[in-house]
Amino acid sequence: MSVIQQSSKQYWEALKEVMDPEFPISVVDMGLIRNIEQTEEGVIKVTMTYTSTGCACMVWIESDIKERLLSEEEVKEVEIEVQWDPAWTVHDMTEEGRNKMQNWGVRS
């Protein structure tokens, strides 16, 4: 595994600590994070989506993502790109995310 792949994995794990405001489930397990890459030294680009274009929590989620990644010593800047195509579906959720939702009685 290259250093960049290894650091990307570190950032995926870090974002598992960022919770969706509507459900106590991480943005990773919710399937909102599509890609994380280091574009240059100290700059992390997160490609993500939302469950709907009318999501009222967009600003909070992006702020939480930036705050969490900026707490990593080597991260100096976080860029977020919102991608609407393809649209989010329940199939984007991780197995862990689907299991948590089922435990709360939410079926997909």
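This is a predicted model: local features need pLDDT of at least 70, side-chain atom pairs count only at pLDDT 80 or more; totals for chains, interfaces and linings use all residues.
Let's start inside. The largest nonpolar core holds 26 residues, and those with the most contacts within it include Leu-15, Val-46, Met-48 and Ile-61. Helix 1 (3–15), strand 1 (33–40), strand 2 and helix 2 each give two or more residues to this core. Helix 2 is the top contributor, with four residues.

Ile-61 is a handy place to look around from. Leaving aside residues up to four places away in sequence, Ile-61 touches Asp-20, Pro-21, Val-27, Leu-32, Met-48 and Tyr-50.

Tyr-50 takes us to the next stop. A search of the whole structure turns up one aromatic pair. Its partners are Tyr-50 and Trp-84, with ring centres 6.0 Å apart and planes at 35 degrees, so the pair counts as tilted rather than stacked, which would need under 30 degrees. The pair links distant parts of the chain, 34 residues apart: Tyr-50 sits in the loop between strand 2 (43–48) and helix 2 (58–70), while Trp-84 sits in the loop between strand 3 (77–82) and helix 3 (95–103). As for burial, Tyr-50 is buried at 1% relative accessible area, whereas Trp-84 is partly exposed at 35%.

For Cys-55, the nearest cysteine sulfur is that of Cys-57, 4.7 Å away. A disulfide needs the two sulfurs within 2.5 Å, so Cys-55 is in no disulfide, and Cys-57 is in none either. Both are buried: Cys-55 has a relative accessible area of 13%, and Cys-57 has 8%.

Conventions:
Residues are numbered from 1 along each chain as its sequence is written. Side-chain values use heavy atoms; hydrogens and water are left out. Rings of Phe, Tyr and Trp (its six-membered ring) pair if their centres lie within 6.5 Å; planes under 30 degrees apart count as stacked, over 60 as edge-to-face and the rest as tilted. Buried means under 20% relative accessible area, exposed over 50%, partly exposed in between (1.4 Å probe, protein chains only). A nonpolar core is a set of buried Ala, Val, Leu, Ile, Met, Phe, Trp, Tyr and Cys residues joined through side-chain atoms within 4.5 Å. Contact means heavy atoms within 4.5 Å.
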